[in-house]
Amino acid sequence: MKKKEIPSLAKKLKKLRDELHLTQKEVADKAYITESAYRAYELGDRNPKPDILDRIAKALGVRPEYLSTPTFRNRREFAYAILENEDTFGYTVRDIDGVPAIVKGYGSAMDFFAEFVRDWEQMREKLDNHEITQEEYEDWKRTWDNGTWVKTDDGKSPYTGK
């Protein structure tokens, strides 16, 4: 019998819950869902609707986009995802000093991508210079935001509380 492949969402839910030392019931309670529903998401038997995913993300202190980010089985799938979204997000490829690079094309979506890449570069540099720990870098990856989310009344992220 072939073993069922566990979806990336299910793997992320389990990993985050374990890192936070929470039970399935504790996450479910924080997300205002039943324990059995959460268990089904963590096992990969069901996928949460967007509003439920948002509540689970808040319970785990991450962005919902982090939880729903696709994983790729190989580099070719990643390459096709980039090509599939080239026009949607307005980036293109150009030669820069003999190295092909994804560059800004047009529109506000590209400004968003450029800002993300700049933030990523800064965080990688901090990690490489030992200014932050690997754990802090991983936390940044799970919660990155360029300030476009609607913040709570106290001005903090609804996901991280920061």
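Trainee: Which pattern does the chain follow when it is read along the sequence?

Mentor: In this predicted model, the chain follows the pattern α-α-α-α-α-α-α-β-β-α-α, and its secondary structure comes to nine helices and two strands. Of the 162 residues of the chain, 30% count as buried, and residues 24 or more positions apart account for 41% of the contacts with a separation of 6 or more.

Trainee: What makes α2 oblique to α4?

Mentor: Helix α2, residues 24–31, and helix α4, residues 50–60, pack at an angle of about 120 degrees, with their axes 8 Å apart. Roughly perpendicular would require 65 to 115 degrees, and roughly antiparallel over 145, with the remaining angles counted as oblique; the pair α2 and α4 is therefore called oblique. In this pair, α2 passes α4 in a right-handed crossing.

Trainee: Which residues make that contact, and how do they divide by class?

Mentor: On the α2 side the contact is made by V27, K30 and A31, and on the α4 side by R55, I56, A59 and L60. By class, the contact of α2 with α4 has five nonpolar, no polar and two charged residues.

Trainee: Why is α2 called roughly perpendicular to α3?

Mentor: Helices α2 and α3 pack at an angle of about 110 degrees, with their axes 8 Å apart. The range for roughly perpendicular runs from 65 to 115 degrees, and so α2 is described as roughly perpendicular to α3. The crossing of α2 and α3 is right-handed, and the contact is made by Q24, K25, V27 and A28 of α2 together with E35, Y38, R39 and E42 of α3. These residues divide into three nonpolar, one polar and four charged.

Trainee: What makes α1 roughly parallel to α4?

Mentor: Helices α1 and α4 pack at an angle of about 30 degrees, with their axes 10 Å apart. Angles under 35 degrees count as roughly parallel, and α1 is therefore roughly parallel to α4. In this pair α1 passes α4 in a left-handed crossing. The contact is made by L9, L13, L16 and R17 of α1 and by L53, I56 and L60 of α4, a set that divides into six nonpolar, no polar and one charged.

Trainee: Is L16 buried or exposed, and how do you know?

Mentor: The relative accessible area of L16 is 4%, and buried means under 20%, so L16 counts as buried. L16 lies in helix α1, residues 8–19, and, not counting residues up to four places away in sequence, L16 touches L60, V62, Y66, L67 and R142. The C-alpha atoms of L16 and A57 are separated by 9.9 Å, although these two residues are 41 residues apart along the chain.

Trainee: How do you know where the buried residues of α2 lie around the helix?

Mentor: In α2, the residues Q24, V27, A28 and A31 are buried. Seen down the axis of α2, these buried residues fall within an arc of 100 degrees, so they line one face of the helix. What covers the buried residues of α2 includes α1, α3 (35–43) and α4.

Trainee: Which residues of α3 are buried, and what do they pack against?

Mentor: In α3, the buried residues are A37, Y38, A40, Y41 and E42, and they pack against α1, α2 and α4. Just after α3, G44 takes a positive phi of about 85 degrees.

Trainee: Where is H130 found, and what makes H130 exposed?

Mentor: H130 is found in the loop between α8 (107–128) and α9 (134–143). Its relative accessibility is 72%, and with the cut-off for exposed set at over 50%, H130 therefore counts as exposed. Phi of H130 is near 60 degrees, which is a positive value in a residue other than glycine.

How values were computed: Residues numbered from 1 in each chain as written. Predicted model: local features only at pLDDT ≥ 70, side-chain atom pairs only at ≥ 80, totals over all residues. Heavy atoms only, no water. Axes fitted to C-alpha atoms, helices over the stretch in contact; angles between N-to-C directions. Helix = DSSP H or I, 4+ residues; strand = E, 2+ residues; numbered from the N terminus. Left-handed = near helix turned anticlockwise from the far one by under 90°. Contact = heavy atoms within 4.5 Å. Nonpolar A, V, L, I, M, F, W, Y, C, P; charged D, E, K, R; others polar. Buried < 20%, exposed > 50% of the residue type's maximum accessible area, 1.4 Å probe, protein only. Arc of directions from axis to C-beta.
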